[in-house]
Amino acid sequence: MSICGTPEYLAPEIIKKMGHGVDVDWWCLGCLIHEMVTGFPPYHSENRMELFESIVYKNVDVSKVKQFNI
């Protein structure tokens with residue numbers, strides 16, 4: 001499998017080769033916003049297979065997201 005782009009932003013539908021629609025765009029936007037707020041992508045691993053398993057099966061840990069008082 002050849003991957004172009006950032007593997008951390010891949011949606012579960014893409015990893016499972018189920019096809020995709022507009023949901024994938026929303027997923028990527030969510031990943032980008034998460035990284036802008038925390039400084040890290042929602043899922044990260046040096047091992048690509050562990051990364052893909054996390055994306056498909058694990059929930060995002062939002063406990064590390066800081067709350068801003070504006």
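## Ser 45 and its surroundings

The side chain of Ser 45 comes within reach of the backbone nitrogen of Asn 47, at 3.2 Å.

Ser 45 lies in the loop between α2 (22–38) and α3 (48–57). Helices are DSSP runs of H or I with at least four residues, numbered from the N terminus. With a relative accessible area of 18%, Ser 45 is buried; buried means under 20% relative accessible area, exposed over 50%, and partly exposed in between (1.4 Å probe, protein chains only). Leaving aside residues up to four places away in sequence, Ser 45 touches Glu 50 and Leu 51, where contact means heavy atoms within 4.5 Å.

## Basis of the model

This is a predicted model, in which local features need pLDDT of at least 70 and side-chain atom pairs count only at pLDDT 80 or more, while totals for chains, interfaces and linings use all residues. Residues are numbered from 1 along each chain as its sequence is written, and side-chain values use heavy atoms, with hydrogens and water left out.

## The helix α2

α2 has 17 residues and spans 25 Å from its first C-alpha to its last, close to the expected 24 Å, a figure given by 1.5 Å times one less than the number of residues. The buried residues of α2 are Val 24, Cys 31 and His 34. They lie on the same side of α2 because they cover an arc of only 80° around the axis, taken from the directions from the helix axis to the C-beta atoms.

The buried residues of α2 pack against α1. The face turned away from the buried side carries the exposed residues Val 22, Asp 25, Trp 26 and Met 36. Gly 39, with a positive phi near 90°, follows α2.

Lys 17 is located in the loop between α1 (12–15) and α2. Its phi is near 55°, a positive value in a residue other than glycine. Lys 17 is exposed, at 65% relative accessibility.

## The nonpolar core

The largest nonpolar core has seven residues: Leu 10, Ile 15, Tyr 43, Leu 51, Phe 52, Ile 55 and Val 56. The largest share of this core, four residues, comes from α3. A nonpolar core is a set of buried Ala, Val, Leu, Ile, Met, Phe, Trp, Tyr and Cys residues joined through side-chain atoms within 4.5 Å.

Note on methods. Helices (H or I, at least four residues) and strands (E, at least two) are DSSP runs, numbered from the N terminus. A polar contact is a pair of N or O atoms within 3.5 Å; within protein, one must be able to donate a hydrogen and the other to accept it, and residues adjacent in sequence count only if both atoms are side-chain atoms.
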